[in-house]
Structure formats: C-alpha cells, structure tokens
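Work through the exercises below with the sequence and the model at hand. Each task is followed by a worked solution.

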Amino acid sequence: MEPGNQTRVSEFILLGLSEETEMQPLLFGLFLSMYLVTFIGNLLIILAIIIDSHLHTPMYFFLSNLSFADICFISSTVPKMLLNIQMQNKVITYESCITQMYFFMLFGGLDNFLLTVMAYDRFVAICHPLHYTVIMNPKFCGLLLLISLLLTVMYSLLHSLMILRLSFCTELEIPHFFCELNQVVQLACSDIFLNDLAMYLTAGLVGVIPLTVILFSYTKIVFSIMRISSTGGKYKAFTTCGSHLSVVSLFYGTGLGVYLSSAATQNSMASTMASVMYTVATPMLNPFIYSLRNKDIKQALKKVFS
C-alpha cells in the first residue's frame with residue numbers, strides 16, 4: 001500500500017457479517033447456538049474418552065486433543081463477535097486483535113496437524129497392524145502432539161510478530177467478524193512484501209505438507225484395504241477411517257473454499273461467509289460426525305449420561 005496518514009493504531013473496527021440493525025438479534029441467536037453446540041459437543045467427546053478406558057488408545061488420544069483444539073478454535077473468534085453484537089460496539093483494540101489472530105492461527109494450525117497425525121495413525125493401524133502398538137506407543141504419541149503444538153506456536157508467533165512491524169493508515173475497518181491475518185495486513189500503509197512472503201511460505205508448512213501426508217496415508221490405506229479378501233474385513237477397515245476422512249474433507253473443503261473465494265472475487269462478504277463455514281461450522285459438525293459414525297464413541301457417550 002502507498003504510505004499516507006500513518007498513525008499509531010489503538011483499535012480496529014470489525015464490520016461483522018451484516019450492518020443491518022434488524023439482523024443483529026438473529027445473528028446473535030444463531031452464533032450463540034452454534035457456539036454452545038460446538039462447546040458442549042466437543043466437551044462430551046473429551047469426557048467420553050476420559051471415562052471409557054476402552055478408548056485410551058492413540059486414535060482417541062488424538063481425537064480428544066482435536067476436540068479440545070476445536071473448542072479453543074471457535075472460542076478465539078465467536079465470543080468476541082457475540083459481545084460486539086450485544087454491546088452494539090464493533091471496536092476491537094489493537095492488542096486484542098493481535099491476540100485473537102495469534103490464537104486463531106494457533107488452534108487452526110493445531111487442528112491441521114492433528115488431522116495429519118490421525119491419518120498417520122490410521123495408516124499404521126491398517127497397513128502395519130502387527131507393529132501398531134510398538135510404533136504408536138504412548139511416548140511417540142506424546143512426541144507427535146508436542147511437535148504439532150511447537151510448529152503451530154512458531155507459525156502463529158511468526159505472523160503475530162510480523163504484524164507488529166507494520167504501520168497502519170486511518171482506514172481501519174476490517175470487513176470480517178474477526179481479525180483475520182490477510183485482512184489486517186491489507187490495511188497496512190507500510191510495505192507488506194515480507195508479510196505476504198511469510199504467508200505464502202508458511203502455507204506450505206501448515207497446508208500443503210500436511211495435506212500431502214494425509215493423501216499419501218489414505219492412498220496406502222486404500223491399496224491395503226483392496227487386498228483384504230473378505231467383504232466384512234474391508235467394511236471394518238473402511239469404517240475405522242470413515243469418520244476421520246469425513247472430518248478431513250470438511251476441514252480442507254471449507255478451507256479451500258475460503259482461499260478460492262478470497263482469490264477469485266473482490267466480494268468480501270463471499271469470503272466472510274466461506275470463513276464462517278471454516279471457523280464455526282467445521283468445529284460444530286466434528287462431534288456429530290464422530291458420534292454418529294463411531295460405535296465406540298456412542299457407547300462411551302451412553303456411559304457419560306448413565
């Protein structure tokens with residue numbers, strides 16, 4: 001952007017999903033309901049896994065952490081949006097904006113890496129069943145979780161620190177319901193080349209590489225399943241991967257939708273609506289996918305309510 005009227009920023013304006021006054025109660029009720037469903041649904045998954053000793057396996061260890069990441073992911077954006085609607089105030093302070101971006105990227109990235117680790121877990125379980133307990137031992141599972149967390153911390157910290165070097169103009173309106181990295185960078189008056197470069201390079205780390213690992217894992221899984229002679233064996237193998245594959249498709253499908261809508265159109269509302277699917281709908285649907293398609297989770301949930 002061209003320099004002009006640079007100022008020390010103290011706050012941004014989040015334009016939200018709609019500026020129509022009559023729409024605000026509807027949006028508040030809708031997003032509050034989605035948030036509560038997401039929070040309670042993922043919390044029940046975590047409790048079910050903790051309570052049922054049969055679920056103390058690597059797959060459900062990663063699933064419980066995925067549910068926790070989903071709760072934190074949606075909590076990084078929706079509560080602030082609900083507060084702004086309730087208070088009829090669209091302001092978010094500079095510090096709060098940076099903090100929101102950090103945690104949004106942190107838990108979004110953690111979601112991404114956990115899905116990748118879960119794909120690897122299914123690959124080992126189906127392609128190397130005899131060595132599964134040896135490979136996926138508790139120490140290795142903890143190490144995979146730690147590496148995932150460290151990578152996402154570095155990723156989110158890098159972008160948050162790079163935002164601090166930017167100067168902003170007097171135009172401080174963000175056409176979104178939260179502080180999204182690209183939207184904030186575009187408001188800068190100073191040179192954003194390094195920020196754009198960092199975004200493109202890290203996209204490979206948190207997007208392309210994990211997706212490649214997932215596709216490789218499931219390619220191997222499909223070939224292994226096709227070699228199973230019995231129909232019952234094939235069905236059992238497919239059902240163990242069905243829930244995870246559904247969540248992966250939803251996560252990357254909505255994420256790709258956000259990217260394509262941002263790249264293909266200048267309509268910020270189209271991009272914002274795609275982001276709603278990615279940031280709100282995906283964490284909300286994950287518990288339903290796992291509970292509806294997984295008999296072990298269904299039985300564990302019965303124990304929670306009994």
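A disulfide is taken here as a pair of cysteine sulfur atoms within 2.5 Å. The model is a predicted one.

**Exercise 1.** Find how many disulfides the chain holds by this rule, and identify the partners.

Solution. The count comes to two. In one of them, the sulfur atoms of Cys97 and Cys179 are 2.0 Å apart. In the other, Cys169 is joined to Cys189, with an S to S distance of 1.2 Å. Counting bonded cysteines along the chain gives the pattern 1-3, 2-4.

**Exercise 2.** Determine the handedness of the disulfide of Cys97 and Cys179, and state what the pair ties together.

Solution. The torsion about the S-S bond is about -125°, so this disulfide is left-handed. Cys97 belongs to helix H4 (residues 94-127), while Cys179 sits in the loop between strand S3 (173-174) and helix H7 (181-185); the pair therefore ties together parts 82 residues apart in sequence. Cys97 has 0% relative accessibility and Cys179 has 1%; with the buried cut-off at under 20%, both are buried.

**Exercise 3.** Decide whether Cys241 is bonded or too far for a bond.

Solution. The closest cysteine sulfur to that of Cys241 is in Cys127, 8.7 Å away, which is too far for a bond. Cys241 is buried, at 3% relative accessibility.

Key. Residues are numbered from 1 along each chain as its sequence is written. This is a predicted model: local features need pLDDT of at least 70, side-chain atom pairs count only at pLDDT 80 or more; totals for chains, interfaces and linings use all residues. Side-chain values use heavy atoms; hydrogens and water are left out. Helices (H or I, at least four residues) and strands (E, at least two) are DSSP runs, numbered from the N terminus. Buried means under 20% relative accessible area, exposed over 50%, partly exposed in between (1.4 Å probe, protein chains only).
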